[in-house]
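Morning, everyone. Let me put the model up, and then we'll go through some helix packing and the ligand site.

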Amino acid sequence: MARSLSGTYRTALVTGAGSGLGEAFARMLAAEGVRVWGSSRPKTLASGAGRIPPGVAAVALDLADPKGAQEAFARAQAEAGGCFDLVVNNAGYGVFGEFAAADFGSWEADLAATLLTAAGIAHSAYRAMRARDRGTLVNVSSLAAEFPLPYMSGYNVAKAGLSALSASLAFESRQGAVKVIDFRPGDYRTAFNETMKTRSTSFSSTLSGELGAAWRVLERNMAAAPHPSRAASDLRRALLRGRSGVVRSGSLFQARLAPALARIAPAWLVRAAAARYFGAR
Ligand SMILES: NC(=O)c1ccc[n+]([C@@H]2O[C@H](COP(=O)([O-])OP(=O)(O)OC[C@H]3O[C@@H](n4cnc5c(N)ncnc54)[C@H](OP(=O)(O)O)[C@@H]3O)[C@@H](O)[C@H]2O)c1
């Protein structure tokens, strides 16, 4: 008989459940019979623009407001009985542009939201799980943690940081029952690039040179990328396996071949291949 996640997880929170990967994760978990809470930003919920799936309890949470995000998490956690069995720390966004041209205050604020507030949610979730010696924390990082994306320095730092956090927690909890999964998606067809355009002050539809070439590759990859339901299937499989560790998810090339080749190729060759892949001369 096929196993169901509800045998292990009665409650789950998915951040960023109103769109893309988070929406697919929340749908998958609800379909498995798990009681799911899903977050969107307060302004998205107020405008009715988000797509928190039916049957999922909406939580208003903005990564740009660390204190408010902690309070929203604590309220949802109390509703769930004091500890979620599963937290999928998924909400996030990217910014496109040259580091040298960025306003450092904005760069820092984006990093604070996407790494530090996300780490704060991980801390609250993980601490409650450790106290009960039960539960699974999934930090949604990115293959960008191992193959940095062009002109997305803040995003690359945030995802490398989240992956390092997952590795640290997996080590600290290795003797107990709490599991920590570093989930690294490759490209998936979501609103990610559209959101990135609106968040990038230097973005223009007429980007030229290497910046323009890199943007066109990001757009082309996004258009050809798999549907988020595939990431949800990969997450489901990882949760059924019930082990801590890194889970790569995406196309055969991005999630399997490139990481395997990068393990055996010299670093200079990996860097040169990545530059070529992103259209640099
Ligand atoms: N798509 C990809 O190719 C890809 C690849 C690797 C990793 N990822 C990661 O996967 C996660 C989900 O991205 P996605 O592709 O599904 O993008 P998406 O469709 O744009 O969804 C992003 C979600 O994050 C939420 N979010 C964005 N900014 C937020 C903020 N300041 N505070 C709280 N929530 C915020 C959004 O909330 P609203 O509902 O309010 O808009 C939305 O629900 C991100 O962490 C992303 O870095 C994506």
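Which residues in α1 meet which residues in α8? From α1, they are Gly20, Leu21, Ala24, Phe25, Met28 and Leu29. From α8, they are Pro228, Ser229, Ala231, Ala232, Leu235, Arg236 and Leu239. Contact here means heavy atoms within 4.5 Å. By class, that is ten nonpolar, two polar and one charged. Nonpolar covers Ala, Val, Leu, Ile, Met, Phe, Trp, Tyr, Cys and Pro; charged is Asp, Glu, Lys and Arg; the others, Gly among them, are polar.

A word on the source. This is a predicted model, where local features need pLDDT of at least 70 and side-chain atom pairs pLDDT 80 or more, while totals for chains, interfaces and linings use all residues. Residues are numbered from 1 along each chain as its sequence is written, and side-chain values use heavy atoms, with hydrogens and water left out.

Now the geometry. Helix α1 is residues 20–31 and helix α8 is residues 228–241. Helices are DSSP runs of H or I, at least four residues, numbered from the N terminus. The α1 and α8 axes are 8 Å apart, at an angle of about 50°. Axes are lines fitted to C-alpha atoms over the stretch in contact, and angles run from 0 to 180 degrees between N-to-C directions. So α1 and α8 are oblique to each other. Under 35 degrees would be roughly parallel, over 145 roughly antiparallel, 65 to 115 roughly perpendicular, and the rest is oblique. The crossing of α1 past α8 is right-handed, meaning the near helix is turned clockwise from the far one by less than a right angle.

Next pair. Helix α4, residues 104–132, and helix α5, residues 153–172, have axes that come within 9 Å and cross at roughly 15°. They are therefore roughly parallel to each other. This crossing, α4 past α5, is right-handed. Their contact has twelve nonpolar, four polar and two charged residues.

Third pair. Helix α6, residues 192–199, and helix α7, residues 209–224, cross at roughly 150°, with axes that come within 10 Å. That makes α6 roughly antiparallel to α7. Their contact has five nonpolar, one polar and three charged residues.

Last, the ligand. 30 residues surround the ligand, and the closest are Ser19, Thr44, Asn90, Tyr155 and Thr190. The cut-off is a heavy atom within 4 Å. A ligand oxygen atom is 2.5 Å from an N or O atom in the side chain of threonine 44. A ligand nitrogen atom is 2.7 Å from a polar backbone atom of leucine 63.

How values were computed:
Helix = DSSP H or I, 4+ residues; strand = E, 2+ residues; numbered from the N terminus. Polar contact = N/O pair within 3.5 Å; in protein donor to acceptor, adjacent residues only side chain to side chain.
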